[in-house]
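Thanks for coming. I'll take a few minutes on one structure, so please have it on your screens.

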Amino acid sequence: MANVKIVTDSSCTMEKSICEDLNIHVMPLSIMIDGVMYRDDETLGGEKFMDMMEKAEALPKTSQPPIGEFVELYDELGKDGSQVISIHMTKSLSGTVEAARQAGNMSQTEVTVIDSDFTDQGLSFQVIRAAELAKAGADISEILEVIQEVHDHTKLFIGISTLNNLVKGGRISRTTGLLSNIFNMRVVMDFENAKLIPVAKGRGSKTFSKWFSELKAELSKSGNVRQIGISHADGLSIVEEFKTGLQELFPDLTIYVLHTNPVIATHTGKGAFAIMYYTD
């Protein structure tokens, strides 16, 4: 039986040790900062990027990996007869998944490309589960079925401390009703069906606290939460409070608190956070 290998992109936020242990292959996107192109890999890093973005004259621009690099990776992974499942961030944020599809059609390897409809740790839920199953020897059909289940039971909420980057990046059109008095506004959005849907907004820190209290109340009624992830863009202080509150509800879960990747930080701006979870 052919092995199955898992590929994702650098918008997938997860612990390096997990990525290495599960042999997950990560295709880096590129980020242009003031005319200089950088690969979104370990040499850039979330914290370093935040400082570079703050000092930049213009908002950084992200770009998908070249199709040729995908083809090379797929061909290499398939040399031993392996099949590939390539899982990527939502097409609403990047053309990466489409580049992967085109490369899959050109590769000599059998490649199945999946649009996760998420990003960050929300994407990692699907990627990690797929890699765990692949490592255990599951076949393509088994893995795809579980990926779909994880997808269907994932929720991703994004908290934004400033809408400046969303405005500059042209993403504000997805947040209906926020165009007036946008500056210094705090907003929490539900990332649903690849769209940002506002669920709370206000001008003080209580905006996030009130929303989080409501989220905790909702989750306290759910006993089937499988995984929780918390990511941030230079917003560690507030997410540590979130972790404490969620850990009290789910003491047996490992809740990862990670700095988001440069691709996502470009869209969200400084001080943003995301809480993601999936259920049975």
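Start with strand E11, helix H9 and strand E12, which together make a right-handed β-α-β unit. E11 covers residues 225-232 and E12 covers residues 256-259; the two strands run parallel and are joined by four bridges. For a landmark, find Gly-229, whose bridge partner in E12 is Tyr-256. The helix of the unit, H9, spans residues 236-249.

A word on confidence. This is a predicted model. The average pLDDT of the protein chain is 90, and 91% of the residues score at least 70. Over residues 174-181, however, the pLDDT is below 50, although that stretch has 18 contacts in the model beyond near neighbours in sequence. Where pLDDT is low, the predicted coordinates should not be read in detail.

Now the salt bridges. The whole structure has 13 of them. One is between Arg-39 and Glu-69, with the closest N and O atoms 3.4 Å apart. That pair links distant parts of the chain, since Arg-39 sits in strand E4 and Glu-69 in helix H3, 30 residues apart. Arg-39 is partly exposed at 40% relative accessible area, and Glu-69 is partly exposed at 26%.

Two others lie within helices. Arg-101 and Glu-98 meet at 3.9 Å, N to O; they are three residues apart in helix H4, so about one helical turn separates them. In helix H5, Glu-132 and Arg-129 are likewise three residues apart, about one helical turn, and their closest N and O atoms are 3.1 Å apart. Glu-132 is partly exposed at 35% relative accessibility, and Arg-129 is partly exposed at 22%.

Terms used:
Residues are numbered from 1 along each chain as its sequence is written. This is a predicted model: local features need pLDDT of at least 70, side-chain atom pairs count only at pLDDT 80 or more; totals for chains, interfaces and linings use all residues. Side-chain values use heavy atoms; hydrogens and water are left out. Two strands pair if DSSP finds at least two bridges between them. A crossover is right-handed if, with the strands pointing away from the viewer, the path from the first strand over the helix to the second runs clockwise. pLDDT is the predictor's confidence in each residue, from 0 to 100. Contact means heavy atoms within 4.5 Å. A salt bridge is a side-chain nitrogen of Lys or Arg within 4 Å of a carboxyl oxygen of Asp or Glu. Buried means under 20% relative accessible area, exposed over 50%, partly exposed in between (1.4 Å probe, protein chains only).
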